[in-house]
Amino acid sequence: MNETDMVTEILEIFWKEKLRFAQYCFDELATLDTKSFSEKRPHGKSPQWTLQQMVSYDRTFSFYLPISLRISGFFFFTTFKDQDIEKDLEAIRDRYRPPAFPSHFWEIQITKAEDLRIKAKDPLVKEQCESWKEVLVRLESKLSEISDRDAYRKRYTSLTGIHTISGAINNSTEFCHYLWNLYMENPT
């Protein structure tokens with residue numbers, strides 16, 4: 001992706017949060033070896049399972065995004081207002097209600113998926129992280145094709161509802177954050 005193919009401004013806000021979250025996960029997983037990555041935690045799921053769920057969710061999002069945008073072009077002709085986007089984001093946050101991101105999360109500076117750094121030394125952990133990075137690079141490429149006009153006009157239709165595109169990105173981040181907190185952060 002070159003500089004002219006940037007994600008539009010309204011989507012970029014939510015996309016950067018998604019990338020910060022992915023980088024945070026990569027940093028947290030970097031110290032794990034194959035055994036600790038594959039081992040079930042107290043909630044009955046391993047870090048590997050948790051990461052695979054997040055990758056799967058974003059892969060599905062990436063796959064259905066262009067299809068959903070084409071379909072929404074036939075059914076939705078009105079433009080979202082900023083207030084509609086705000087309502088959509090509030091509804092998504094109310095659904096997941098995860099704890100706040102850790103304070104150092106906001107210090108992570110990243111603007112595009114290609115810049116995600118995977119520091120894991122273990123081959124299995126590294127491979128799984130690379131898989132998520134590839135999905136995010138593809139998703140970013142698809143998001144960069146959405147014009148400012150379409151970012152406000154089109155909807156993303158999924159099993160969780162009909163969202164603004166900003167809301168769909170945020171839904172992906174919030175869902176992954178919810179999984180992370182449920183299976184990775186909470187030891188009891």
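In the predicted model, helix α3 bends by about 40° at tyrosine 64, and this kink falls shortly before proline 66. The helix covers residues 47–75. Over its 29 residues, α3 reaches 40 Å from the first C-alpha to the last, which is close to the 42 Å expected at 1.5 Å a residue.

Tyr64, the site of the kink, is also among the residues closest to the centre of the largest pocket. This pocket holds about 280 Å³ of space. Its lining consists of 15 residues, of which Thr60, Tyr64, Tyr156, Ser158 and Leu159 are the closest to the centre. Two or more lining residues come from each of α3, strand β1 (155–158) and helix α7. The largest contribution is that of α3, which supplies seven residues. Sorted by class, the lining comprises eight nonpolar and seven polar residues, and no charged residue is present.

Helix α7, another contributor to the pocket lining, runs from residue 165 to residue 185. Its 21 residues should span 30 Å at 1.5 Å a residue, and the separation of 28 Å between its end C-alpha atoms agrees with this value. The helix is mostly covered, with 17 of the 21 residues buried.

Beyond its neighbours within four places in sequence, serine 166 is in contact with Ile10, Leu11, Phe14, Ile85 and Leu89. Histidine 177 is likewise placed in α7. Its relative accessibility is 3%, so histidine 177 also counts as buried. When residues up to four places away in sequence are not counted, histidine 177 touches Phe21, Pro98, Pro99, Ala100 and Phe101. The C-alpha atom of histidine 177 is 9.8 Å from that of arginine 97, a residue 80 positions apart from histidine 177 in sequence.

Leaving out residues up to four places away in sequence, threonine 50 touches Lys45, Leu179, Trp180, Tyr183 and Met184. Of these partners, Leu179, Trp180, Tyr183 and Met184 fall within the residue range of α7. Asparagine 171 is 121 residues apart from threonine 50 along the sequence, and the two C-alpha atoms are 17 Å apart in space.

With a relative accessible area of 34%, serine 38 is partly exposed, because the value lies between the limits of 20% and 50%. Its contacts, neighbours within four places in sequence left aside, are with Ser46, Gln48 and Leu124. One of these, Gln48, lies in the residue range of α3. Serine 38 and valine 125 are 87 residues apart along the chain, and their C-alpha atoms are separated by 9.3 Å.

Note on methods. Residues are numbered from 1 along each chain as its sequence is written. This is a predicted model: local features need pLDDT of at least 70, side-chain atom pairs count only at pLDDT 80 or more; totals for chains, interfaces and linings use all residues. Side-chain values use heavy atoms; hydrogens and water are left out. Helices (H or I, at least four residues) and strands (E, at least two) are DSSP runs, numbered from the N terminus. The expected span of a helix is 1.5 Å times one less than its number of residues. Buried means under 20% relative accessible area, exposed over 50%, partly exposed in between (1.4 Å probe, protein chains only). On a 1 Å grid over the protein atoms alone, a cavity is a set of points where a 1.4 Å probe fits but cannot get out, and a pocket is an open set with protein on both sides within 12 Å along at least five of seven lines; lining residues have an atom within 4 Å of a point. Grid points are joined across faces, edges and corners, and a volume is the space filled by probe spheres set on the points. Ala, Val, Leu, Ile, Met, Phe, Trp, Tyr, Cys and Pro count as nonpolar, Asp, Glu, Lys and Arg as charged, and the others, Gly among them, as polar. The bend at a residue is the angle between axes fitted to the seven residues ending there and the seven starting there. Contact means heavy atoms within 4.5 Å.
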